[in-house]
Structures are given as C-alpha cells and as structure tokens.
Number of protein chains: 2
Amino acid sequence: METELSRKLGVEHAIFGFTPFPAVAAAITRAGGFGVLGAVRYTAPDDLKRDLDWMQVHTDGKPYGLDVVMPAKKAVDGISEADIEAMIPPGHRDFVRDKLAEHRVPELPEGEASGWRITGWMEQVARNQLDVAFDYPIKLLANALGSPPADVIARAHDHGILVAALAGSAKHARRHAEAGIDVVVAQGYEAGGHTGDIATMVLVPEIAEAVAPLPVLAAGGIGSGEQIAAGLALGAQGVWLGSLWLTTTEAELHSRALTEKLLAAGSGDTVRSRALTGKPARQLRTEWTDAWDDPAGPGALPMPLQGLLVAEAVSRIQKYEVGPLLGTPVGQIVGRMNEERAVQDVFDELTRGFERAIDRVNRIAGRPREV
Amino acid sequence: METELSRKLGVEHAIFGFTPFPAVAAAITRAGGFGVLGAVRYTAPDDLKRDLDWMQVHTDGKPYGLDVVMPAKKAVDGISEADIEAMIPPGHRDFVRDKLAEHRVPELPEGEASGWRITGWMEQVARNQLDVAFDYPIKLLANALGSPPADVIARAHDHGILVAALAGSAKHARRHAEAGIDVVVAQGYEAGGHTGDIATMVLVPEIAEAVAPLPVLAAGGIGSGEQIAAGLALGAQGVWLGSLWLTTTEAELHSRALTEKLLAAGSGDTVRSRALTGKPARQLRTEWTDAWDDPAGPGALPMPLQGLLVAEAVSRIQKYEVGPLLGTPVGQIVGRMNEERAVQDVFDELTRGFERAIDRVNRIAGRPREV
C-alpha cells in the first residue's frame, strides 16, 4: 500500500497509527505501518526521553512519528495554572463533587496526582517535549490542535521532519497549508477525540481538493481494510487510525473494566461531547457525558477550563473503575473492536481486508485481476 | 459498474438516483443508472398515473423504481387528519405564526392548498399509490420509513418487484431483513433527509455484515465517482444518491432562490433537525431550523404532528422565497453542488470519477492496469 507520502517516509504501508502507548506505536511501525506516539501525557521531559529511547530499540530502524498538542492560540504570558483554576465557577466544582459523591467515587490516595493535567496542553510543555524529540530520528511531527507555531515548523523542517496537522473542515486545512505544514489529517465526524461535524466521506475529498498538492490522510471511521480502501479512493495518501489500537494486547489502558466496555460497545455508543476538554470530542457515552450534555445541568466550560475542572475526577473514575462514569475518547468504529488482539494480527487483517476490497472494486469495475 | 444487484435489475451502472422529479428519474435511468421516483407528493392517484405514464415514454424501456413512505407503525383506525390536527398545542401554532409574521411572510392566496401535506405520509395514501404503481413495470419499490407491511412485500414479490428499505443502524437493517425485504439502503449521518447518527463509513460495512447475503446500497455523502468507489469498497452492491440531483437542470425546485442557496452552500451549512417532520432529518440550516432547534423555543413536536404543524408555513416560505427561512432536505455533499448541470453530465462525471478512483487505488495497491 504505497503512496508518494509513504515512499517519502520510507514506510511499507500508508497506514498511520496514532496511540498514546509506546508498545503499540512500536508494534505498528514494526508491522510495516507508521506508528505515531501521542505525547500529551509526557509532562516531564525525562519520561518522554525514556520512552523514545525504548522506541529506538523496538522499531528495528523503521520510521515513526510524534503527536504533540500545541494550542493554536498562544496563552497569555504570565498566566499560571492557578490563575486558570481561579476562573472556574464554584457551581461547576460543586457539580463535579456531587456527581462523584452520587456514585460514591473514592478520593485519590494522599500524594497521588491526577494523571492528566491541563499542563500537557500548554505551549511550554509541548516545547519541552519538542526539545527532547528533536534529538531522536522522528520522521513526522503531528499537532492535534491547529497549526504549530512558525518557528516549530521551521525547526522540524531543519531536522528533515514532516509536519502534520489535524483538520475538521476545508477552512482549517487551508489555514494549515498557509502556515507551511506538509500533511493534513482530515478527521471526520465519526472519529474519536476532537472532531467537527463533517463526515469522513465528505471531508476527505473536500480537504484533498482544498490543499492539493499537499498530501492528506483520511481519519475517522477507519478500522478495516475495506475502510482503508474507501479512504484512499476518496483521494487520501494514507489513513490515520487511532481508536482501533485501544483494544490491542499491547495497549495499557490500566483498566480492565474500560477494556471490557470498549469490547462491548456498538457504533451507536459514542457521543460528541464537550465533557472532557470543553471542545466537542467523540468518546464513549456515559452517565458522565450525559450529565455535562444535559441542558438542565451547568454545561461544560470552554477549553482549557473544562479539562482542568474534570482532571482529578476523571483520574478517580478511571482508578476506581466506576462503571457508569467510565469512558474514553473513541470513534464510531468501536462497534467493530470486539476482541483483544496483538497489533500485528490487527495489522495483518487490515492489509488482507484492503486487498479484498481492491479485488472487489476491480470486479465491479469490470477489471479482471491480472497479477 | 456491475454488481449482482445491478445485473438482477438489468441496469448498466449500480448507481441508484432518488428524486421527487420524474424528469430527473427518467434521465438517470436513460444515462444507465437506476432512477427512483419519490412518490410522497402524489396524494392524488391520477397525478401519479400521469407521471408514471410519462416515465414509461421517457425511460427507453430501461428499469426504474418508486419510493413510497409507509410509516412502520400502523395508524390507529378511524383517526382523521383533523383528529391529529387537534393534538397540536396552541403554543406551537402561535410560535409558527409569530415566526412568519416576524419575517412578513404573506398568506397563501385563497383556495391555494399547501403543497406538502401529512396525508402523503399516511398508510392509505401509500396504498393508493401502490395500486397505481403495480400496473407499471417498476423494478424496485423502496420504503423510506421502516419495513413495508407484509402484504405489500408479498404483492411486490408477486409482481417480480424487489423491495428496498432505508436503515440508519444495523438493528433497523436486521428488522428489515426479518420482514423479508430484498435490499437495504444503509443511509449514513451525512445524508440528506431522515438519518441517524452513524456515518456512512462505519454504517455500510456494519449493515452489510448484519444482513449478508442481502445486498446493501451505500447512501449518505456520495456525490462523486470517488465517493462511489469508496461506498463500493465498503461492501455495498451499489450507491444511492439523492441530494446531487437537486441542482440538475431537470430538477423542478420551483424556486430560483432555493437553487441559488444550494449552489452557494458548503458542507457545513446543513443540520440534522426535527424542524421538518419531527424526526431528525438533514437539511439546509436556516433561521427556521435554528428556531426549532433552539432550547429556548417550544421545540419540534413528534412525527407526524410537526409535519402537519409546519406544512402551510413551509409552503408559504417556499412560494414567497423568504431567504432566511428557505430550506430543503439535503446532505453534506451540498458543498460540491456548485453549478447547475444536466443529469447526463453529472452522471458522466460520476462514472469518470469512479474509473479514476479505481486507477488510483490500483496504483496504491501496486496493481498495474492491464486492460
């Protein structure tokens, strides 16, 4: 499965796998895809260094990338996390406290910090991550929120690293192209995480036309080889898969209950909710998302306040596996994630399904196979 | 573009075009596709007879179909339209009146009935339509709301007519299969008209697996040959396009302002709203849909009350081309409907785009063209 972009990156199959887990990213790369490690968790540069060292050892010299989260808008200088905390209305804090109490969610043990903090979203943290990352031979730097700043793009290019950015509309994609990025990830409505309301089927060709000749990756709703073939038929130079890896044996969700929930969920069990970060992000629908989406409730705060408000609550819900509240970002393809399998097995099924789909469309087009 | 289903129906290309306009349906059939005439407007059997006579003359003996709207749930015997009218809360009538007054929408001339009436949705009307239709050599009978009643399916089969039904989830599709229908139209979130929230990319393979070996048509987000290739790669035996024909020269929208609005709209200018019928249906976003979707307003009534409530208002808005309120059901592909063209031109571009997409995926798959 070769495109101009996959050849440029030196990857066998134009399948890009985004994951927060180094073991998954490395396995995707070893299988012949392009593993992209999500860096949002790494608030301490040494932790990122440790995991990139590990990646170097476990990717057999094959290419991989890194995904950081740099907000498009610059934070105001001198604003601390405490200043942002102070902007959260007390009523919202009460709502969180009451919801957790209603479900008897225990407190975190003393001294245990909540896992996910707002800091991972702040520009300085992302810059610290980049200072580490540029010492490693990463081939692609992706940014999940808007275009990266011009100096970051320039620095990446100096290192021979391609820069990718996610877009949910042709307008966003054009802005990325003007900022000088190299690859646009067209992420449709059905994708997990932050997403707009245009479906992949419509979004991919629209963005491909808007930014041509820049290469576009199709993201959202892709979890089979048939869906990969569809994404490529739409004009993409590769596909970007995130959700599918969550139920691989290499993933470290640290919650058996969450894995079971993912395996049991159908395509209709997700919701685009502002509950997690303040911006619409697709995730498992839970009593937690329902509470934030309820018009009778206080409603989610804007980014970054909502993420800061719920960070500790989310850690507690995950740690104590509070079933009705337990969720995670995931796309509508969760409906086909029905068994735990090794990344290599998942990957083999993708490439086999792709070949089947090509056979199928060739039969329909009246083109007999002649290989 | 041949599949088992297209061969069974005797059609050259597995492209199914749904439209309320006989001239469009006939042109799709003549171009080598399968025109499906929407019958909801035909409350008088003689009108349907007249247009089917016309279709017979203008389809060169090639196959076409009919789409009726039979609600899955049987209406209670003896309930009249007046009884249903009486269920509408006065506050909702006031809301309609005030909204029209705010935009100075004139009354209809005396004696002029509103075009679209609830009656088109009632079972007896659909049965009268079928009494007419079965005298014509239609090849496919589609039902937009649930499975048709068992006796209708049996009667269609006696006439050698295949029965199709639209589905927005695997659960609905299984129910159709159990009812004995022959074809499932898997209609994704991005489609125009009534639609669920699962995107086409995810829905089509899910339904194809759920009802195999029944053939599935991919609907929603399909307006180019590349999107057709994608739909077929997902496992469909054909594609079902509705929105794309609205801006063809053969379409009779009877409103220049509406045509201009469609040509100007982007993929982000539609909304899934209950404003039109009481069930979520994708349509152009307007001040009218905003008013019904506003949590501060009275909200849409359930089907069939909402359709009855707004029928006259919609007629007035259309007749007097009241810009800010003027809308129509249409899918997200409205973003690529940017010029008026003849059906034949649109169709030729679809088949050319399909061939291009097949060339493209074959190159990516490393399969050189050998024809």
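**Close-up views of a predicted two-chain model**

View 1. Asp51(A) is buried, at a relative accessible area of 11%, whereas Arg50(A), at 48% relative accessibility, counts as partly exposed. Over all chains, the structure holds 38 salt bridges.

**View 2. The salt bridge of Arg316(B) and Glu107(B).** The side chains of Arg316(B) and Glu107(B) form a salt bridge at 3.8 Å, N to O. Arg316(B) belongs to helix H13 (residues 305-319) of chain B, while Glu107(B) sits in the loop between helix H5 (90-102) and helix H6 (123-133) of that chain, so the pair ties together parts that are 209 residues apart in sequence. Arg316(B) is buried, with a relative accessible area of 8%, but Glu107(B) is exposed, with a value of 55%. Elsewhere, in chain A, salt bridges with shared partners link Asp47(A), Arg50(A) and Asp51(A) into one network.

**View 3. The salt bridge of Arg7(A) and Glu2(A).** Here the side chains of Arg7(A) and Glu2(A) meet in a salt bridge, with an N to O distance of 2.9 Å. Arg7(A) is exposed, its relative accessible area being 51%, and Glu2(A), at 38% relative accessibility, counts as partly exposed.

**View 4. The surroundings of Ile138(A).** Ile138(A) lies in the loop between helix H6 (123-133) and strand E4 (140-143) of chain A, and is buried, with a relative accessible area of 3%. Leaving aside residues up to four places away in sequence, Ile138(A) touches Tyr64(A), Gly65(A), Leu66(A), Ala133(A) and Ile161(A). Asp53(A), which is 85 residues from Ile138(A) in sequence, is 12 Å from it in space, C-alpha to C-alpha.

**View 5. The interface of chain A and chain B.** In this interface, 48 residues of chain A are in contact with 48 residues of chain B, and the area buried between the two chains is about 3,800 Å², of which carbon and sulfur atoms give 57%. On the side of chain A, Met201(A), Ile364(A) and Arg367(A) lose the most area to chain B, together 20% of what that side buries. The rule finds 6 salt bridges across the interface, and one salt bridge joins the side chains of Glu355(B) and Arg367(A) at 2.5 Å, N to O. Helix H9 (200-211), helix H10 (225-233) and helix H14 (343-364) of chain A are the elements that give two or more residues to the side touching chain B, and the largest share, 10 residues, comes from H14(A). By class, this side of chain A has 22 nonpolar, 12 polar and 14 charged residues.

**View 6. The two domains of chain A where they meet.** Chain A is divided into domain 1 (1-75 + 122-248 + 341-366) and domain 2 (82-112 + 254-327), whose C-alpha centres lie 27 Å apart. The contact takes 13 residues from domain 1 of chain A and 10 residues from domain 2 of chain A. Between these domains about 870 Å² is buried, of which carbon and sulfur atoms give 64%, and His194(A), Thr195(A) and Thr247(A) supply 45% of the area that domain 1 buries against domain 2, more than any other three residues. Across this interface the rule finds 0 salt bridges, but 7 residue pairs in polar contact, both residues at pLDDT 80 or more. The side of domain 1 that touches domain 2 divides into 5 nonpolar, 6 polar and 2 charged residues.

How values were computed. Residues are numbered from 1 along each chain as its sequence is written. Chains are lettered from A and ligands numbered from 1 in the order in which they are written. This is a predicted model: local features need pLDDT of at least 70, side-chain atom pairs count only at pLDDT 80 or more; totals for chains, interfaces and linings use all residues. Side-chain values use heavy atoms; hydrogens and water are left out. Contact means heavy atoms within 4.5 Å. Buried area is the accessible area (1.4 Å probe) that two parts lose on being put together, summed over both. A salt bridge is a side-chain nitrogen of Lys or Arg within 4 Å of a carboxyl oxygen of Asp or Glu. Helices (H or I, at least four residues) and strands (E, at least two) are DSSP runs, numbered from the N terminus. Ala, Val, Leu, Ile, Met, Phe, Trp, Tyr, Cys and Pro count as nonpolar, Asp, Glu, Lys and Arg as charged, and the others, Gly among them, as polar. Domain bounds come from an automatic or database domain assignment. A polar contact is a pair of N or O atoms within 3.5 Å; within protein, one must be able to donate a hydrogen and the other to accept it, and residues adjacent in sequence count only if both atoms are side-chain atoms. Buried means under 20% relative accessible area, exposed over 50%, partly exposed in between (1.4 Å probe, protein chains only).
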